[in-house]
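Here is a short report on one protein model. Have the sequence and the coordinates open as you read.

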Amino acid sequence: ALTGRETDRLEEEKKRGITIELGFTYFDLPDGSRAGIIDVPGHEKFVHNMVAGVSGMDMVLLVIAADEGIMPQTREHLDILEQLGVENYILVLNKCDLVEPAWKEMIKKEILEELAGSRAFGAPFVEVSAVTGLGIQELIGVIQKTALSLPERDKDTIFRLPVDRVFSVSGFGTVVTGTVLSGELKKEEQLELFPKGNTCRVRSIQVHGKDCSGCCAGQRAAINLSNVKREEIH
């Protein structure tokens, strides 16, 4: 509803209606800046994937279904985000088209009670329906306002990218993806892989699916590496 794109790629995800692998997309905010989106799984069996995706996030949309309220995995996610020190939240109450106003108010009260004492308490609260489009424009406005208050990432320091996916592409070799935490990177530069300490060369870089000469802090990037096998990266 936000981007016009489906982030679930796997057949099993579409069949079961849940996110399993990390999903990635983006959309442009009203001021022209680009917001990268990482769709993380909610199910407890896929917490490992969720943790891989949240490193480097500037803000979190905590999505709660109006017909169900806070689920055990919502609490689990909140605990992880607290540990990671994520500061900026937007509370998104989805499926508001499915419930009566009195039920919705009861669920909102329950959510606020549950969030007391967490960093998410006091965050903007937006009521939406991804099916009807209710509240989506308001949500975009809140994302824009939050984005304007974010501190700039440090580009004048060492390049760091926690790897959240690694795969091989025929004819290209090893590709890693992640959110750039700090610094800048250009094609042909050398990178060091931690914790092993071996080095590799940057063959090419993509940002949001487009070939680029470089990437910098805050961007989602896919980096094609030479001199390293897919099995060597975790």
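Which residues does lysine 108 touch, not counting residues up to four places away in sequence? Lysine 108 touches Leu93, Phe125 and Glu127. Contact here means heavy atoms within 4.5 Å.

## Basis of the model

This is a predicted model: local features need pLDDT of at least 70, side-chain atom pairs count only at pLDDT 80 or more, and totals for chains, interfaces and linings use all residues. Residues are numbered from 1 along each chain as its sequence is written, and side-chain values use heavy atoms, with hydrogens and water left out.

Lysine 108 is found in helix α4. Helices (H or I, at least four residues) and strands (E, at least two) are DSSP runs, numbered from the N terminus. The side chains of lysine 108 and glutamate 127 are joined by a polar contact of 2.8 Å. A polar contact is a pair of N or O atoms within 3.5 Å; within protein, one must be able to donate a hydrogen and the other to accept it, and residues adjacent in sequence count only if both atoms are side-chain atoms.

Leucine 93 has contacts that include Ile64, Ile107, Lys108, Ile111 and Glu127.

## Helix α3

Helix α3 covers residues 72-84. Its 13 residues should span 18 Å at 1.5 Å a residue, and the end C-alpha atoms are 19 Å apart, which agrees. The expected span is 1.5 Å times one less than the number of residues.

The buried residues of α3 are Thr74, His77, Leu78, Ile80 and Leu81. Seen down the helix axis, they fall within an arc of 165°, so they line one face. The arc is that of the directions from the axis to the C-beta atoms. Buried means under 20% relative accessible area, exposed over 50%, partly exposed in between (1.4 Å probe, protein chains only). The face turned away from the buried side carries the exposed residues Pro72, Asp79 and Gln83. Cover for the buried residues includes α2 (47-54), β3 (60-65), β4 (89-94) and α4 (101-115). Just after α3, glycine 85 takes a positive phi of about 80°.

## Aspartate 164

Aspartate 164 lies in the loop between α5 (136-148) and β6 (165-169). This residue is buried, with a relative accessible area of 12%. The aspartate 164 side chain makes polar contacts with the side chains of threonine 177 (2.8 Å) and arginine 220 (2.8 Å). Other residues touched by aspartate 164 include Leu22, Phe24 and Ala52.
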